[in-house]
Amino acid sequence: MALGYLLVAVLAAAVAVFALQNNEPATVRFLVWTLPGLPLAGLVLLAFGLGLVIAGLPLWLRSWRWRAKARSLESRVAGLERALADRDQALLRRSPPGALPAAAPP
């Protein structure tokens, strides 16, 4: 876990140095849109952030589906355990196999 924190700290420091060193204005063109004068570091960081979101969204959806399935299966197991306990209680209330049934009044 400490190694993960160290890697995040090194990456954050690298991003900060990059942002400080690349603050020249740049023009962005996309189809018919033109955005002049945006900082280069801002554009790169924005693209990086969008990439993280686009890559992370399917992973988040998959983990959400797995958690929903796990909750469903846990409730099913709980229901089966209740049914099994009820069945065991019913079997205990029944008379033992060797016992004679109570005589019916004449």
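## Close-up views of a predicted chain

**Figure 1. Accessible surface of the whole chain.** Of the 106 residues in the chain, 3% count as buried.

**Figure 2. Order of the secondary structure elements.** The chain contains 2 helices and 2 strands. Read from the N terminus, these elements follow the order α-β-β-α. Helix 1 covers residues 2-21, and helix 2 covers residues 40-93.

**Figure 3. Packing of helix 1 against helix 2.** Two packed helices are described by the angle between their axes and by the distance between those axes. For helix 1 and helix 2 the angle is about 145°, and the axes lie 7 Å apart. Helix 1 contributes Val15, Phe18 and Ala19 to the contact, while helix 2 contributes Ala41, Val44 and Leu45. Sorted by class, the contact between the two helices has 6 nonpolar residues, no polar residues and no charged residues.

Figure 4. Leu7 is a residue of helix 1. The relative accessible area of Leu7 is 54%, so this residue is classed as exposed. Patch residues must have over 30% relative accessible area, and Leu7, at 54%, has such a value.

**Figure 5. Salt bridge between Arg87 and Asp88.** The count of salt bridges comes to 1. A salt bridge joins the side chains of Arg87 and Asp88, with an N to O distance of 3.1 Å. Arg87 has a relative accessible area of 47% and is therefore partly exposed. Asp88 is also partly exposed, because its relative accessible area is 33%.

Conventions: Residues numbered from 1 in each chain as written. Predicted model: local features only at pLDDT ≥ 70, side-chain atom pairs only at ≥ 80, totals over all residues. Heavy atoms only, no water. Helix = DSSP H or I, 4+ residues; strand = E, 2+ residues; numbered from the N terminus. Buried < 20%, exposed > 50% of the residue type's maximum accessible area, 1.4 Å probe, protein only. Axes fitted to C-alpha atoms, helices over the stretch in contact; angles between N-to-C directions. Contact = heavy atoms within 4.5 Å. Nonpolar A, V, L, I, M, F, W, Y, C, P; charged D, E, K, R; others polar. Salt bridge = Lys/Arg side-chain N within 4 Å of Asp/Glu carboxyl O.
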